[in-house]
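Let's take a friendly walk through a protein model, going from charged pairs to helices and then to a sheet. Keep the structure open beside you as you read.

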Amino acid sequence: MPTVTTLDSFMTYRDTGAGTVPVVFLHGNPTSSYLWRNVIPHVDPLTRVLAPDLIGMGESGKPDSGYRFADHARYLDAWFDELELDEVVLVGHDWGGALAMDRAARHPERVRGIAVLETFLRPLAWSDLPQQGQDLFRRFRSPEGERMILQDNMFIEFNLPFGAKSLTPADLDVYRAPYPTPESRLPMLVWPRELPLDGEPADVVAVIEDYGRWMAATPDIPKLVMAVDNGVGMGGQESIDWARRTFAAVEVANIGPAGHHAPEDRPDAIGTAVAEWVSRHGLTTRRDSAGELTSTR
C-alpha cells in the first residue's frame, strides 16, 4: 500500500478507482483499512476510493503518541493535507465514523457528503450499553484493562471475532499482525477509554456534541446512516431514530443482520448502500466555481 509522511510518522492507505471526488473510508478499533476490502469494489467503479490505516493501527507508523481521539484527528488531518483531498465523501465505521463527522464539522468546505454506521451519533450513557458491555468496558477502564488488552490482546482475540462472525482465521491473522507486542497494542487500550459515557471524557463528549450540531444544521450536505438489525448501544434503534429526527438531509438504510463489525458480515449490503447513495446525490461529480456539476472521469 502507498505511504505518506504525517507529522512525525507515516500513514499507509488503499487507493483505487479514478475520479476527482474521492470517497474516503475510515475504520475504527481494532481494525484497519482491511475492514473495507469487500466494500470498496462496489464504489471504486464510480470514482476514486481511499482508505487509510489510522495512526498506530494497521500498517501505519506507531509514533510516541497518546492515541487519544484528538491525536488521531491531527494525524488524519495531516494525511488529508498531504494528499490534497478536497470535496470528499466520508464513510466511517465505529471511531472512524466519529472521526469523519468531526472532520466534516471542522472542515465543512472540504466535504460533499458523509455516511456512517455503528458509530457515535451522540454521547452515550452507561445505561445505553447492554449489561455485558457495561461490565466489559468498566474493566477496560480499570487497571485490569491493561492486562486484558495489552497482555492478553483481548480486542483482537475476543472482541473482534465476537463482533464479526464471518471472520476467517486468515482474516484474523491480518488484524493480529500489527500488534505483536504489548507496547504495539496501546491504541486498542486507549480507544475504549475514549467512549463518551455519562459525560466523560469531557473533551471527547464536547467533540461529539459539536459535530452533532453540525450534522443537524447542514441541509446542503447529504448524510447516510446505516443500521443493522437488532443493533445495540451506539447502533441501537433509539440512536438511529434520534439521528433520523435530528440530522439534516439524512437517510437511513438498513443493511440487515450483522455484528458490530458489520463491514465484515455485510460488505455487499454496505457497498451497495453507499454506491447507490453517492450516485443518487451526484456525490462523485465535482462542482465548478459557479456551483455547477462537472464531469469527474
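Predicted model: local features only at pLDDT ≥ 70, side-chain atom pairs only at ≥ 80, totals over all residues.

Residues are numbered from 1 along each chain as its sequence is written, and side-chain values use heavy atoms, with hydrogens and water left out.

**Salt bridges**

Side chains of opposite charge can pair when their charged atoms come close. A salt bridge is counted when a side-chain nitrogen of Lys or Arg is within 4 Å of a carboxyl oxygen of Asp or Glu. The structure holds 22 salt bridges, and the table shows some of them.

| Glu-264 | Arg-37 | 2.8 Å |

Where do Asp-210 and Arg-213 sit? They are three residues apart in helix α8 (residues 202–216), so about one helical turn separates them. Helices (H or I, at least four residues) and strands (E, at least two) are DSSP runs, numbered from the N terminus.

Now look at the salt bridge between Arg-37 and Glu-264. Arg-37 lies in the loop between β3 (23–26) and β4 (49–52), and Glu-264 in helix α10 (residues 262–265), so this pair ties together parts that are 227 residues apart in sequence. Arg-37 is buried at 18% relative accessibility, and Glu-264 is buried at 7%.

Asp-77 is buried at 16% relative accessibility, whereas Arg-106 is partly exposed at 36%.

**Two packed helices**

Helix α3 (residues 131–140) and helix α4 (residues 144–151) pack at an angle of about 95 degrees, their axes being 6 Å apart. Axes are lines fitted to C-alpha atoms, for helices over the stretch in contact, and angles run from 0 to 180 degrees between N-to-C directions. The two helices α3 and α4 are therefore roughly perpendicular, a label for angles of 65 to 115 degrees. Contact, meaning heavy atoms within 4.5 Å, involves Leu-136, Arg-139 and Phe-140 of α3, and on α4 residues including Met-148 and Ile-149.

**The sheet and its enclosed strand**

An open sheet of eight strands has the order β1-β2-β4-β3-β5-β6-β7-β8, with mixed pairing. Two strands pair if DSSP finds at least two bridges between them. β1 (3–6) and β8 (250–254) stand at the edges with a single partner strand each, so one side of each has no neighbour in the sheet.

Is strand β5 (residues 88–93) largely enclosed or open? Six of its six residues are buried, so β5 is largely enclosed by the rest of the structure. Val-88, Leu-90 and Gly-92 are buried on one side, and Val-89, Val-91 and His-93 on the other.

Four bridges join β5 to β3 in parallel, and six join β5 to strand β6 (residues 111–117), also in the parallel sense. Leu-90 is the bridge partner of Val-24, and Leu-90 also stands opposite Ile-114 in β6.

Definitions and conventions: Buried < 20%, exposed > 50% of the residue type's maximum accessible area, 1.4 Å probe, protein only. Parallel < 35°, antiparallel > 145°, perpendicular 65-115°, else oblique.
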